[in-house]
Amino acid sequence: MSDRSPPQALIVAVLGFGQMAAFASSFYLLGVLGDPIAADLELPPSLVFSLMSLALAVTFFATPWAGRRTDVWGGKRMLLASNLVFAASLGLIAASQNAVLLASGMAVMGLAMSFGLYNTPFAMLVSLYGQAARRPITGVALIGGLGSAVGWPATAWLLEVLGWRGACLTWAAVQVLVCLPLVALLTPHVEGEGEASEDPAAPHEPVVWDRPMIQMGVLFAGAWFLATSMSTHLPRLLEATGLTPAAAASTAGLVGVAAVTMRFLEFTALRKLPPLATTRVAPLWHAGGAAALLALGKAAAPLMAIGQGLGNGMLSVAKGVLPLHLYGPKNYGYRSALLTRPAQLAQIGGPALYGLALERSVALALCASIAICLVMFAMTFGLMRTEPRSLEIPA
């Protein structure tokens, strides 16, 4: 790192803005544009929305490669590449005249997500600040968490003014004309671990699935399962307790407010608490909200939404901080990528499985939520700083 590295606050602001734009133009894109795309291309809406699962499947397979490349090349290069690939995917979607081109665009978007979302900027911050990266990671997660709050209304406005193709092209322009120059000019390049070796086939130090890795894998898989399921089904769940559709939608909006609030608290008042302590509490927020909704009915709907938001806000920070706390900065990018894979599988299957439970009964869906949270809570015990074990099976 250069001795004249930009101030930490500026780096956090640039990376956080990049995450906000990345999530708005990928993960949250079809939430606004899915129906207009389906109507214009004369495709079933279910087919269009299912293409997000295609993107997530590509992300699942590409993430370990992206994590290793981040460790070798450095996070800055990967983020610059992600800006270009995001723009390419959005351009393909905008040019789509049929399902094949649309699916191609979403597949390319999955590749961009694999090395353009949280894992890469978090790894970049770990390379810059080592064990002191917790606070900047929290700052990036705080700003990036505004992706839905900013992205949905911005995309809706672009849809109204420019149509869905114009909205995609505008987001592509943001990636190339705003995000890429900001990363290029205002973030430092940190030498990757593997840059000393010019041989791309040189062996890497293995990252092993020891007990703490398995526990964290289960923990974050449960968190991402619930997060994706709630983003899809929470309004329906609240409606099923007796709320009107409008009241259910507005109450579900408390999830985002609570998540951003918790990330702000992690950035300020809670930043000195041990990462394990905040991680252990996180699953109990959702469990408490679900138990209240199960016991009290629609009167507890705000508690359910707030509980999900608080827990998700804590766990999104823990995903970046806990591996660093337990294992240190060595192989951080690749380790984080491996920990993401079970969570990505849970994301792909979460909405369908939770939807089946909800169709049976509200009580079954809420009991399933509580059970998952209790498993996550159990996974936080016995975690401690771990020395590398050379005899373990490589991941």
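**Exercise 1. Decide whether arginine 165 is buried, partly exposed or exposed.**

Step 1. Take the relative accessible area of arginine 165, which is 22%.
Step 2. Compare with the cut-offs: buried is under 20%, exposed is over 50%, and partly exposed lies in between (1.4 Å probe, protein chains only).
Step 3. Arginine 165 is therefore partly exposed. Aspartate 40, at 42% relative accessibility, falls into the partly exposed class too.

A word on the model: it is predicted, so local features need pLDDT of at least 70 and side-chain atom pairs count only at pLDDT 80 or more, while totals for chains, interfaces and linings use all residues. Residues are numbered from 1 along each chain as its sequence is written, and side-chain values use heavy atoms, with hydrogens and water left out.

**Exercise 2. Find which side chain meets arginine 165 in a salt bridge, and say which helices the pair ties together.**

Step 1. Start with the idea: side chains of opposite charge can pair when their charged atoms come close.
Step 2. Apply the rule, a side-chain nitrogen of Lys or Arg within 4 Å of a carboxyl oxygen of Asp or Glu. The side chain of arginine 165 meets that of aspartate 40, at 3.4 Å from N to O.
Step 3. Helices here are DSSP runs (H or I, at least four residues), numbered from the N terminus.
Step 4. Search the whole structure, and the count is 1 salt bridge.

**Exercise 3. Describe the lining of the largest cavity.**

Step 1. Know the term: on a 1 Å grid over the protein atoms alone, a cavity is a set of points where a 1.4 Å probe fits but cannot get out, and lining residues have an atom within 4 Å of a point. Points are joined across faces, edges and corners, and the volume is the space filled by probe spheres set on them.
Step 2. There are 4 cavities of 30 Å³ or more, and the largest holds about 80 Å³.
Step 3. Of its 13 lining residues, Gly18, Gln19, Leu79, Asn83 and Gly116 are the closest to the centre.
Step 4. Helices α1 (8-24), α4 (75-94) and α8 each supply at least two lining residues, and α1 gives the largest share, 5 residues.
Step 5. Sort by class (nonpolar: Ala, Val, Leu, Ile, Met, Phe, Trp, Tyr, Cys and Pro; charged: Asp, Glu, Lys and Arg; polar: the others, Gly among them). The lining has 7 nonpolar, 6 polar and no charged residues.

Definitions and conventions. On a 1 Å grid over the protein atoms alone, a cavity is a set of points where a 1.4 Å probe fits but cannot get out, and a pocket is an open set with protein on both sides within 12 Å along at least five of seven lines; lining residues have an atom within 4 Å of a point.
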